[in-house]
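Q: I would like to go through this structure step by step. Please show it and begin with the terms.
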Amino acid sequence: MKTSNGNLLFIVKHFKGLAQIRESFDIVLAASSLGFNVSLLFIDDGVFQLACPKEGDLSALLTALPFYDVQKIYVAKESLEERRLKPQDLILSVTCLLPNEMTKLFLDHNLVF
Amino acid sequence: MLHIIRDSFSESARLKNCLAVYAPQDVLLLIENGVFCALSATESGSQLEDLANKQQVFILTPHALERGILDRLIDEIQLIDFLGFVDLVVEQYPVLQW
């Protein structure tokens, strides 16, 4: 049975290799299975993570996120634009946020990592 | 001399600091997250474009491939593999890793 313990937001700020991102996602998945509402926000170089090649282990790990009950995946619009990326370049469907929308997002979550 | 950059433009000011002390015969190599510096139409990309028109700028292909940006790099950059990396280190000694 699932209980709601609160809203957690994990922020991915850097591009990480497979081993590192797997460790981070272990925490995300553990939190999700403990009943937290988990969302992810990709900012700065973290957005490169979502633009990785479609074939390969990294993309397999990322595309599995929706199956682990991760509520929502957000991306900072400015970070994408700075890196000349468009939402359609990404391997997951995401919600793009402006800075003021991110402020609101932080307030909506009990804990932000 | 070989300068090696391993951070992206937003992770650190290392590319900027490196270019500030760059000598005309020096060679630059981008590895790990440093490969993001060579994205076309970005600020760091156009800086490297200018540099690559005069001097040699290399990028480690497997690391660019892994990060999905191989088709979005500045045209002037030269692609090398791990064996090319070893050759560069031997030819361009000393090596400065930023």
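A: Two residues are in contact if their C-beta atoms, placed from the backbone, lie within 7 Å.

Q: What share of the contacts in chain B with a separation of 6 or more comes from residues 24 or more positions apart?
A: Such residues account for 65% of those contacts in chain B.

Q: What kind of model is it, and how is the numbering done?
A: This is a predicted model: local features need pLDDT of at least 70, side-chain atom pairs count only at pLDDT 80 or more, and totals for chains, interfaces and linings use all residues. Residues are numbered from 1 along each chain as its sequence is written, while chains are lettered from A and ligands numbered from 1 in the order in which they are written.

Q: Which elements does chain B have, and in what order?
A: Chain B has four helices and five strands, running β-α-β-α-β-α-β-α-β from the N terminus on. Helices (H or I, at least four residues) and strands (E, at least two) are DSSP runs, numbered from the N terminus.

Q: How are the strands arranged in the sheet?
A: The five strands of chain B form an open sheet with parallel pairing, in the order β4-β3-β2-β1-β5. Its edge strands, β4 (78-80) and β5 (95-97) of chain B, each pair on one side only; two strands pair if DSSP finds at least two bridges between them.

Q: How many bridges join β3 and β4 of chain B?
A: Strand β3 (residues 57-60) and β4(B) pair over three bridges. Leu60(B) has Ile80(B) as its bridge partner in β4(B).

Q: And what does the C-alpha trace of chain B span?
A: Along its principal axes, the trace spans about 30 × 30 × 25 Å.
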